[in-house]
Every structure is written in structure tokens, then in C-alpha cells.
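Here is my note on the model you sent. Please read the points alongside the coordinates.

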Amino acid sequence: MLKVVKFGGSSLAEASRYENVKNIVLADDSRRAVVVSAPGKRNSADNKITDLLYLCHAHVQYGVDYRNILDLIKSRYEEIADGLNANFDAEAEFAAIEEKLVNGADKEFLVSRGEYLSARIMAAHLGFDFVDSYGHVFFNYDKSINREKTYAAFKEAFEKSSGKIVVPGFYGTMPDGSLALMSRGGSDITGSLLAAALNADKYENWTDVPGILMADPALVENPYPIPNISYDELRELTYMGAKVLHEASVSPVRDAGIPVVIKDTGNPEAPGTLIAEKFEESESDRDKFYITGIAGRKGFSVVDVHYEDLAHNLEVLRQALKILENHNLVIDQLSTGVDGFNFLVPTDSVKSHIYAIIAEFEEKFGKGCITVTDNIALVACVSRLMACRPGISGSLFSALGKNDISIRTISQGASELNIIIGVSNDDYKKAVQVLYDRFTKRG
């Protein structure tokens with residue numbers, strides 16, 4: 001059995017946490033491929049190494065003395081290496097970095113050193129081989145991943161290694177040979193690519209939470225972790241604002257049929273959350289909770305357009321969507337009726353275009369045809385079991401009504417994977433709490 005394991009920055013903030021990671025890795029012989037992020041914050045007043053590296057580059061770019069910041073970064077790595085008694089030459093590593101800075105190294109190179117140095121220390125501490133992401137993760141010119149080339153490179157590197165490797169996340173190689181970064185959180189992607197390349201039996205993503213939570217802990221106190229979640233459910237929750245995995249990290253493992261487990265470095269024995277395509281579920285599993293999770297976002301606008309007998313003139317809808325497309329707007333919901341339609345868009349994306357949109361709609365469909373309502377929040381209740389459990393919609397509407405929460409919009413797809421309701425921004429937190437209590441059988 002082979003597991004690829006990825007550890008985030010919060011799991012690597014200081015020497016004691018590297019030691020904890022070592023204990024986790026060595027506790028299971030199948031954990032033979034490790035991906036690491038750069039060290040995160042040791043406490044709330046601390047800085048992430050990646051943020052310090054971006055700041056260091058800004059100093060270089062504007063001709064401000066950067067050495068104090070580089071020394072601060074160096075001291076963090078020295079403190080970690082010394083605390084582990086790891087075979088790591090910080091002087092040599094940072095001399096090489098500074099030499100490249102003097103010779104014009106770009107931001108991509110400098111920021112990538114966070115993961116690079118973290119992986120160097122972890123490889124030395126574990127006694128594993130170091131495999132650099134540069135030269136093994138390959139981008140296309142549009143920054144998408146060249147999977148075929150990446151998988152072949154990782155597979156060859158693993159076969160040539162001792163069978164135990166550490167890989168830095170977050171960066172790779174452009175077609176012209178230059179180093180390039182992924183978007184923030186990209187180490188999740190590196191782990192997913194490595195798991196797919198090695199045809200791993202499981203991809204474990206270790207973080208500082210006990211799995212994917214049923215609701216945002218900023219809105220609900222101590223929400224339950226989700227034991228099992230399908231890829232489709234995960235995609236819905238992520239789209240609605242749940243912060244779990246980097247979205248681009250899902251498809252490599254999903255395409256390869258590799259299950260993912262979100263685990264807590266602070267509680268390694270906890271089961272975490274299993275992500276897979278489907279599950280064999282008993283009746284007791286089905287009865288545990290009505291839904292899988294709740295997520296949402298604030299700050300939407302509802303645009304209502306009146307056009308008499310719209311149902312028999314769909315050309316109007318096509319013209320309306322073309323106007324929105326010309327303004328590069330992303331539509332989160334679209335509903336139609338006999339004499340009109342409405343759509344939801346993020347307020348920030350529409351506010352600079354709204355007067356032009358109103359003018360264009362009125363020119364095509366008549367004066368006074370359009371109204372705009374701001375301060376709307378969307379809340380999604382997601383469950384793969386929704387289609388086979390009657391009464392969920394009724395329970396949702398009843399719970400909100402009993403708590404004086406007005407529903408402004410409603411959307412449910414034919415797949416019955418979720419119900420999305422719109423409420424006022426002021427009712428957002430209350431709505432999430434009410435629905436969480438209702439569907440976890442607390443209220």
C-alpha cells in the first residue's frame with residue numbers, strides 16, 4: 001500500500017511540529033511520499049514564511065534594504081533545523097539565495113524557497129530522499145498542469161529513489177524552463193498530482209482541523225466534522241465558500257479514483273473526513289444527519305427583469321445573457337417566470353457596471369423593466385442523500401420561518417444535491433445557525 005501525505009504550513013510552523021509530522025509519517029509504513037508547504041504562523045502575531053518572502057521581494061523590487069527580512073526568514077529555518085538537529089546548512093542555502101537575488105532572481109524563485117527549504121529540512125529529518133518540484137511538475141503556457149509530463153517525471157523519480165521521498169509543494173516548471181508558482185494553497189495540488197502519478201492507494205491531506213466541518217466555525221460553535229463526503233458535494237460546498245482544499249487539487253485524484261482523507265495533525269487518531277466518488281452507506285449512516293454540510297457567501301445582488309410573456313419569447317433571455325457576457329459577469333443563480341426572470345451576481349462584480357447594464361436592458365426591453373436589490377446572502381444545504389429523503393425542503397422553510405428569516409430566492413437543481421436560498425446579509429449568520437441546528441437534530 002502507498003499513501004501520499006501532504007502537510008500544510010500550520011503543521012510545520014516550528015520544530016516541535018516537524019517532529020509531530022515525523023511521528024505521523026513513521027507511524028504508518030505506507031506513508032512513503034510526503035509533500036510539504038512553507039512554515040506557517042507559530043501564533044496569531046507571527047508571520048507566514050511565504051508572506052515574508054513576498055515582502056522581501058517587494059523590498060528588492062523597490063530598492064529598499066531587504067537583508068533584515070531575509071535574516072528573519074533565515075533565523076526561522078535555523079531555529080527549526082537546530083531544534084530537530086537536522087543536517088541542514090542554512091548558511092549555504094541562504095548564501096545561494098542572496099547570490100541569486102543580487103543577480104536579479106524573480107519573485108517566483110524567491111517565494112518558492114519557502115517550500116523548497118521546508119522540504120529540505122523534512123527530508124533530512126525523516127531520512128527520505130528530496131525530489132524537487134522544479135523539473136517534476138510541469139506547466140503548460142497557460143499555467144495549467146501538463147499532467148502527462150508531470151506524472152512521468154514523478155513516477156521515474158520515485159522509482160529511482162529509495163522509495164521514500166519528500167517533495168516541496170506550490171511550484172513547478174514552465175515550458176521555457178523558468179520556475180513558476182501555483183496560486184496560494186497550491187501545495188494541495190502538488191500532493192494530488194503526486195498521488196495520481198504514483199497511483200497511490202490514498203491521498204492524506206493533513207491540516208489543523210479535524211476534517212471538513214459541517215459549517216463555518218466562525219458562524220457555528222464547534223460544528224461537527226463530516227465523516228464522508230462525495231466529490232460532487234465537496235465541489236458544491238467549495239463553490240459556496242467552504243475553505244477545504246484548493247479547487248484544482250481535486251481533479252487529479254478524482255480522475256485516478258484515489259480517495260482523499262482530510263486529517264488533523266493535532267489529533268492523528270481521529271478519523272478525519274473521507275472524500276470519494278461514492279460510498280456504501282447503511283441506514284444508520286443515512287439517519288445520522290439529514291445533510292452533509294452548509295456553506296454560504298454574503299454580498300450578492302438580485303437583478304429582476306420584467307418582460308411580458310417571456311415564456312414564449314426566449315430570444316429575450318438570450319439577449320439578456322449576451323449583455324451580461326459583454327460585461328464579464330458570472331451568474332450564480334438564474335430563475336425565469338412567465339413574465340420575467342432574475343439573476344444573482346456578486347455585488348462587487350456588478351457595481352461598476354450596473355448603470356450601463358440598466359441602460360442596455362431598458363434600451364432593449366423597455367423603460368423601468370429592471371430593478372436591483374443588494375445585500376443578499378446565499379446559503380446552500382448540500383447532501384447526496386437529499387433526493388431519497390422527503391421533507392428536507394419543508395424542514396428548511398419551516399425552520400427559517402419559525403425564526404423570522406425571510407427567504408428572498410430559492411434554487412434547487414434536478415440532481416437534488418443542494419438547496420440554495422437567498423436571505424438578507426443581516427440574516428446570514430442566523431440562517432446558517434438555524435439550519436445547522438435543524439439538520440443536526442439539535443433544534
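Two strands pair if DSSP finds at least two bridges between them. Helices (H or I, at least four residues) and strands (E, at least two) are DSSP runs, numbered from the N terminus.

1. Basis. This is a predicted model, in which local features need pLDDT of at least 70, side-chain atom pairs count only at pLDDT 80 or more, and totals for chains, interfaces and linings use all residues. Residues are numbered from 1 along each chain as its sequence is written, and side-chain values use heavy atoms, with hydrogens and water left out.

2. Pairing of β1. Strand β7 (residues 202-207) runs parallel to β1, joined by five bridges. Here Val5 sits opposite Glu204. Strand β2 (residues 31-36) also pairs with β1 in the parallel sense, over five bridges. Val34 is the bridge partner of Val5 in β2.

3. Crossover. From β1 the chain passes through helix α1 (residues 15-26) to β2, a right-handed β-α-β crossover. Right-handed means that, with the strands pointing away from the viewer, the path from the first strand over the helix to the second runs clockwise.

4. Burial of β1. Five of the five residues in β1 (residues 3-7) are buried (under 20% relative accessible area; exposed is over 50%, partly exposed in between; 1.4 Å probe, protein chains only). Lys3, Val5 and Phe7 cover one side, Val4 and Lys6 the other, and all are buried.

5. Backbone check. Most residues other than glycine have a negative phi. Lys143, in the loop between β3 (129-130) and α6 (147-160), has a positive phi of about 75 degrees. Lys143 is partly exposed, at 37% relative accessibility. Asn199 has a positive phi of about 50 degrees. Asn199 lies in the loop between α7 (187-197) and β7, and is exposed at 55% relative accessible area.
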